[in-house]
Amino acid sequence: MAQTGGAEKTGSRAIMREETERAILDAAEVVFAEKGFGGATMQAIADSCGLPKANLHYYFASKEKLYRRVVERIFTIWLEAADSFDTELSPEAALRSYIARKMQLSREHRYGSKVWANEVMHGAPIIQDYLETTLRSWTETRVAVIRRWIAEEQVRPVDPRWLLYMIWATTQHYADFAHQIETLNHGPLDDSQWASATETVCDIILRGIGIRPDADRPA
């Protein structure tokens, strides 16, 4: 019984730690997105998530370590969205799944996307090493998949990098320029508008590389 009780306490502590860490990262995303790395303070982040500053430092020893974790989290989520490149059988299914997931992430993680955009626009002073290693390696694997599709004549010959950059720019626009979109839309996009926007992006990009949606193909 004592061992079972000890295991339960250990498990509860682990869950509490995960929840606290998630709350810190969520708060940090917003503060970093609004203030930038230079303008954000650990005190502001602690206040935002309702923790004493000392507790915040217990989880993240420095602002730079917390910032890097925020950036890594959004990038990891984006990487997972691209699993369809390896799991889907056709370019249409892979790209449609990837684009749809990236659009949804722009809706759910707009602040994380803004942190990434701000960092890169300022020359990536904190995460340049991350761009040169993790992002470069990941991009090369996606480029290889697209080149295979081209060699198999499943898509029109295009430069894979320009295609990826277009997808990133288009989908992340809905996060990075959310305020502009909401102003022009007279409010946040509702579910049907998000679905319509997603389908429009998919349709234009797929047709641009020579993929006709299934609905357009003769029976």
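Predicted model: local features only at pLDDT ≥ 70, side-chain atom pairs only at ≥ 80, totals over all residues.
Q: What volume does the largest pocket have, and how many residues line the pocket?
A: Rolling a probe the size of a water molecule over the atoms shows where empty space is left. Here the largest pocket has a volume of about 440 Å³ (the space filled by probe spheres set on grid points joined across faces, edges and corners), and 20 residues line it, of which Trp78, Trp116, Ala117, Gln172 and Asp176 lie nearest its centre. A pocket is an open set of points on a 1 Å grid over the protein atoms alone, where a 1.4 Å probe fits, with protein on both sides within 12 Å along at least five of seven lines, and lining residues have an atom within 4 Å of a point.

Q: How much area do domain 1 and domain 2 bury between them?
A: The size of an interface is often given as the accessible area lost when the parts come together. Domain 1 (1-61) and domain 2 (70-218), whose bounds come from an automatic or database domain assignment, bury about 870 Å² between them, 65% of it on carbon and sulfur atoms (accessible area with a 1.4 Å probe, summed over both parts). In domain 1, Leu25, Glu29 and Ala33 lose the most area to domain 2, together 60% of what that side buries.

Technical notes:
Residues numbered from 1 in each chain as written. Heavy atoms only, no water. Buried area = accessible area lost by both parts, 1.4 Å probe.
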